[in-house]
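Subject: Structure for your reading

Dear colleague,

Please find below the structure that I am handing over to you.

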Protein chains: 2
Amino acid sequence: MSDKYIVAVVGATGAVGREMIRVLEERKFPVKTLVPLATKKKNRRTVRFKGKDITVKVTEDASFNGVDVTLFAGGDNASKEFAWEAVRRGSIVIDNSSTFRMRPDVPLIIPEVNIKHIQRHQGLIANPNCSTIQMCMAVKPLYEKLGVTRIVVSTYQAVSGKGKAAGEELKKQTKALANNRKYAPKVFPQQISFNCLPHIDIFNAAGNTLEEVKIVEETRKIFSNPQLPISATCVRVPVMNGHAQSINIQTRKRSSVDNVRKILSRSPGVTVVDEPDPVDGDEKRRTYPTPLYASGKDEVYIGRVRKDLSVEYGFNMWCVADNLRKGAALNAVQIAEFIF
Amino acid sequence: MSDKYIVAVVGATGAVGREMIRVLEERKFPVKTLVPLATKKKNRRTVRFKGKDITVKVTEDASFNGVDVTLFAGGDNASKEFAWEAVRRGSIVIDNSSTFRMRPDVPLIIPEVNIKHIQRHQGLIANPNCSTIQMCMAVKPLYEKLGVTRIVVSTYQAVSGKGKAAGEELKKQTKALANNRKYAPKVFPQQISFNCLPHIDIFNAAGNTLEEVKIVEETRKIFSNPQLPISATCVRVPVMNGHAQSINIQTRKRSSVDNVRKILSRSPGVTVVDEPDPVDGDEKRRTYPTPLYASGKDEVYIGRVRKDLSVEYGFNMWCVADNLRKGAALNAVQIAEFIF
């Protein structure tokens with residue numbers, strides 16, 4: 001591939017936008033010109049790309065003239081205002097916001113899971129929620145081979161999923177508390193440092209958070225199974241980066257734990273890190289993935305695969321991924337790679 | 001009650017032992033003499049009780065002569081070595097270790113849940129695991145009224161459950177990381193600061209941790225239901241104190257969320273903190289319990305009660321308690337209060 005595409009990134013200075021630019025460079029996406037765009041007018045900012053500092057411009061309709069593909073990571077408002085305008089001006093749009101994910105005319109794509117859905121795109125392709133992506137990466141191979149009849153998931157989500165300011169709040173609040181000073185929450189509804197908050201996004205009338213609703217509805221759309229039984233509880237934990245999930249599944253077919261591990265380890269983008277016996281009897285060397293381990297990596301990691309004997313055919317597993325990479329930026333760039 | 005009992009605490013300088021002494025004082029347990037005992041010989045140490053410093057002695061068989069009740073919080077080895085010896089010398093023993101919990105001749109007691117089992121005690125009563133206690137407090141009222149047919153629980157467990165040194169490790173490691181220094185894990189198998197470890201206690205051959213096995217087996221014993229379907233995943237999170245649990249239950253009878261809240265709020269020792277609508281529309285004022293909120297309090301707190309529509313009759317709830325208090329010290333003292 002020659003470097004022939006004009007690629008715009010909206011929200012280029014945010015946590016996901018910065019990661020998108022890094023991933024574009026790392027994966028040698030054929031970028032002729034990078035157009036970093038911000039949603040707010042601030043003092044002159046630049047982003048680093050292939051050894052050069054590129055000035056960030058404020059997003060306006062004309063920004064998308066001549067752009068081949070635009071990655072949107074500027075939040076719901078930026079996507080609402082500019083995503084379809086970018087399409088009208090001839091850009092393919094890959095949108096990381098939740099705005100259009102459930103629209104029937106917008107494919108919701110995880111390349112390893114449902115790339116065939118991309119055929120019906122009308123210029124705009126949605127990137128799923130970070131939690132949805134990693135759970136689907138873990139569950140889809142088993143869904144294909146064993147038939148998954150119910151999913152109960154509880155999440156352990158890092159602050160980076162809420163953006164750069166959230167990471168700074170956890171860092172500063174923790175440092176303050178370590179020095180016996182206070183630090184009032186601004187980004188989070190309550191203290192996140194040394195605490196867990198079962199509250200990600202806003203609540204709906206049934207008492208679910210929208211994060212919980214997204215996992216359920218997006219997974220059903222991705223699996224083309226509008227009735228798939230899923231129950232989700234989403235919790236923010238004081239981790240900088242890397243989401244973890246405790247996933248309980250019921251399957252239609254019987255399987256062994258070894259077979260589940262084999263199915264998963266053969267799935268593209270999934271790595272099983274699950275040494276069931278302590279290495280040399282040393283309990284500290286039991287292997288399972290952690291958020292710290294997955295952070296900065298591209299794969300979805302699975303460990304702690306166990307039979308759940310409380311149902312006829314059931315399994316527990318522990319799924320960890322970098323929510324900024326496979327959970328957002330990497331998945332978006334993978335979609336772009338498929339199209340171009 | 002007059003102050004008439006000689007009360008020994010084994011492991012008096014540990015995280016749970018210190019809390020037991022605090023709870024004995026706070027609840028005005030009729031202590032004539034407090035006998036604080038340690039499992040290891042160290043330099044002269046004292047514990048504070050009712051405004052006095054009492055010297056901690058090293059545990060030996062003769063320590064229990066004349067003692068009315070002994071609270072064991074010195075770990076499995078201390079209980080193995082001394083618990084039945086204390087009974088032989090005439091003391092009632094309430095044991096916080098896991099050593100004897102599953103023995104048929106040892107009642108495993110949560111006073112609000114199964115106090116009737118105490119009748120068959122033979123001098124030694126076991127205090128359940130911290131995670132078991134809070135889950136049973138949340139589930140038992142629903143088990144009675146609605147019939148619980150399956151439980152899937154994922155935990156978010158504080159470091160205090162692993163003892164004083166674990167709390168110091170989290171504090172020091174976090175402070176080091178905040179100052180860009182390293183701090184190698186000693187107490188935990190991997191870095192706990194800004195991380196989550198699905199590894200509490202050691203692993204068995206099926207790949208479950210003993211913490212997960214304890215929740216399942218102890219709950220079945222407490223409910224007198226050896227077949228109760230339960231699946232548990234136990235995770236250590238970087239929280240100083242206070243365990244949280246994401247509990248998914250299936251019930252035999254239909255119920256509304258309001259009815260579940262009503263059943264729970266009428267249960268002794270349980271407080272529902274679950275304001276389903278934002279107060280004055282302010283999302284930050286949605287109420288749910290957190291580990292920080294529950295720490296230092298006696299109740300088991302329940303929030304995020306929601307229907308789980310993935311099964312015929314199912315509910316999710318978020319359960320939080322102080323693992324050193326109701327999860328250990330308070331429950332032990334409550335058992336003692338029942339006997340004396």
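The contact between the two chains takes 51 residues from chain A and 52 residues from chain B, where two residues are in contact if their C-beta atoms, placed from the backbone, lie within 7 Å. Please note that this is a predicted model, in which local features need pLDDT of at least 70, side-chain atom pairs count only at pLDDT 80 or more, and totals for chains, interfaces and linings use all residues. Residues are numbered from 1 along each chain as its sequence is written, while chains are lettered from A and ligands numbered from 1 in the order in which they are written.

On the side of chain A that touches chain B, at least two residues each come from β9 (148–156), α5 (164–178), β10 (230–233), β11 (243–251), α8 (291–294), β13 (300–307) and β14 (314–321) of chain A. Helices (H or I, at least four residues) and strands (E, at least two) are DSSP runs, numbered from the N terminus. The most is given by β9(A), with 4 residues. By class, this side of chain A has 26 nonpolar, 16 polar and 9 charged residues; Ala, Val, Leu, Ile, Met, Phe, Trp, Tyr, Cys and Pro count as nonpolar, Asp, Glu, Lys and Arg as charged, and the others, Gly among them, as polar.

How are the two copies related? A rotation of 180 degrees with 0.0 Å of shift along its axis superposes chain A on chain B, with an RMSD of 0.0 Å (by least squares on the C-alpha atoms of residues with pLDDT of at least 70 in both). The two copies are thus related as by a two-fold rotation axis. Of the interface residues of chain A, 100% are also interface residues in chain B, so the copies meet through the same surface.

Within chain A, the domain assignment gives domain 1 (5–129 + 328–339) and domain 2 (132–323); such bounds come from an automatic or database domain assignment. The C-alpha centres of these two domains of chain A lie 25 Å apart. In chain A, 15 residues of domain 1 are in contact with 18 residues of domain 2. Both α3 (111–114) and α9 (325–339) of chain A supply at least two residues each of the side of domain 1 that touches domain 2.

Helix α9(A) also packs with helix α1 (residues 15–26) of chain A, at an angle of about 50 degrees and with their axes 9 Å apart. Axes are lines fitted to C-alpha atoms, for helices over the stretch in contact, and angles run from 0 to 180 degrees between N-to-C directions. The helices α1(A) and α9(A) are therefore oblique to each other (angles under 35 degrees count as roughly parallel, over 145 as roughly antiparallel, 65 to 115 as roughly perpendicular and the rest as oblique). Among the residues of α1(A) that meet α9(A) are Val16(A) and Glu19(A). By class, this contact of α1(A) with α9(A) has 9 nonpolar, no polar and 2 charged residues.

Pro141(A), Leu142(A) and Lys145(A) of α4(A) make the contact with Val260(A), Ile263(A) and Leu264(A) of α7(A).

Yours sincerely
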